[in-house]
Amino acid sequence: MSERTEVGSLGEFGLIEHLTKNIEFHNASTLQGVGDDAAVIDHFGKQTVLSTDLLLEGVHFDLSYTPLQHLGYKTVAVNVSDIYAMNATPTQILLSIGFSNRFSVEALDEFYEGVYAACARYGVDLVGGDTTSSQKGFVISCTAIGEVAPDQYVKRTGAQKGDLLCVSGDLGAAYLGLLLLEREKRIWMENPQIQPDLEGEKYIVGRLLKPEARKDIIEFFAGAGIRPTSMIDISDGLSSELLHLCKGSGVGAMLYEEKLPIHDDTRAAAFKFNSEATACALSGGEDYELLFTIRQDDFEKLGNVNDITVIGYITDAEAGVQLYSKGGNKYPVTAQGWNHMGNA
């Protein structure tokens, strides 16, 4: 039987010291991290970008099928994704957690193993946070800090008529991963003797439990000399994010169904669930890909990058946001992304 250390045996400050004793810094901008009343950061003339997320057990994640190490990794990844969506480089995070006495020190160690793995992957420093007791479930609050040259940050409000609409990676897999895990959870709860059947579904499950923020796309932009005219990360579904981008920019868009990047495993899973792969790509959440627009003049700079797909173009606001189907019909795009408030 694995060892269990009660959190109370360490006390709050002992726990913080235990969880942060192996922190390694990756950025010269981190002058002071954990261990004082506040962190000290100097971005040497660059502009600072900030984003924060609150993750609640039972609303944003389910620990019956989410390993704590994966949850720690995902916590960092989804936060730095917002920094990348500004065309910025994440440099530090602040992480606060609330937990009940059902969590041991070993369980929290698992969570922080994932946090530190993501910090190493994205080159960010954990510089502070807080711990507290929680009467209900696991509570996570993470703030990401980044830096960007003053003339390089990208908002969701700069798209212009004629711009190309692009997306990184592929869409819809995380949503189907959720459907699969929820189905297997229901079966298991009805009969605990039945083991979960995840055979052949590694891709969609991985896309939900361990998403990756698109650091590589931002690095590609810098190397290719591309500055998107607008950008947003896809956390609540392509439709929802595209409507945010178009509303912010005061434009419309034409989106082509046949251009939507959908992985073969996603199509296969959608078929098994009697779902439309296109609907999953449009309305599924938690892909954490980047949706962005570029000037037509920059199209050649995309070169042969396999992981960026042109899926449409920007139009006048009066034309609205339309989907051009494979059958040759036009439909208005509506927001049907994940609504966490509806689950609370």
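**Annotated positions and the sheets**

Author: The UniProt record, an unreviewed entry, places the feature "binding site" at Tyr112, Gly129, Asp130, Arg156 and Ser235. These positions span 124 residues in sequence and their farthest two C-alpha atoms are 32.3 Å apart, so they do not all gather at one spot. UniProt positions are given in the numbering used here, feature names are shortened, and annotations may be inferred rather than shown by experiment. The model is predicted: local features need pLDDT of at least 70 and side-chain atom pairs count only at pLDDT 80 or more, while totals for chains, interfaces and linings use all residues. Residues are numbered from 1 along each chain as its sequence is written, and side-chain values use heavy atoms, with hydrogens and water left out.

A "binding site" annotation of the unreviewed UniProt entry also covers Thr52, Asp53 and Asp130. Thr52 is part of strand β3, residues 47-56. Helices (H or I, at least four residues) and strands (E, at least two) are DSSP runs, numbered from the N terminus. Apart from neighbours within four places in sequence, Thr52 is in contact (heavy atoms within 4.5 Å) with Asn79, Ser141, Cys142 and Thr143.

Strand β3 belongs to an open sheet of four strands, ordered β3-β6-β4-β5, in which the pairing is mixed. Its edges are β3 and β5 (125-133), each with a single partner strand, so one side of each has no neighbour in the sheet. Neighbouring strands of this sheet are turned by 15° against each other on average, direction ignored. Such angles run from 0 to 180 degrees between N-to-C directions, with axes as lines fitted to C-alpha atoms, for helices over the stretch in contact. Two strands pair if DSSP finds at least two bridges between them. Strands β4 (residues 89-99) and β6 (residues 139-148) run antiparallel and are joined by nine bridges. One of the residues involved is Ile97, whose bridge partner in β6 is Ile140. Helix α3 packs on the sheet and touches β4, β5 and β6, its direction making about 170° with that of β4.

Tyr112, listed above, is found in α3. Arg121 forms a salt bridge with Glu212, with the closest N and O atoms 3.8 Å apart. Arg121 lies in α3 (residues 105-122) and Glu212 in the loop between α5 (202-209) and α6 (215-224), so the pair ties together parts that are 91 residues apart in sequence. A salt bridge here is a side-chain nitrogen of Lys or Arg within 4 Å of a carboxyl oxygen of Asp or Glu. The structure holds 18 of them.

A further sheet deserves a description. This open sheet has seven strands in the order β8-β10-β7-β11-β9-β12-β13, again with mixed pairing. Its edge strands, β8 (230-233) and β13 (330-332), each pair on one side only. On average, neighbouring strands in this sheet are turned by 25° against each other, direction ignored.
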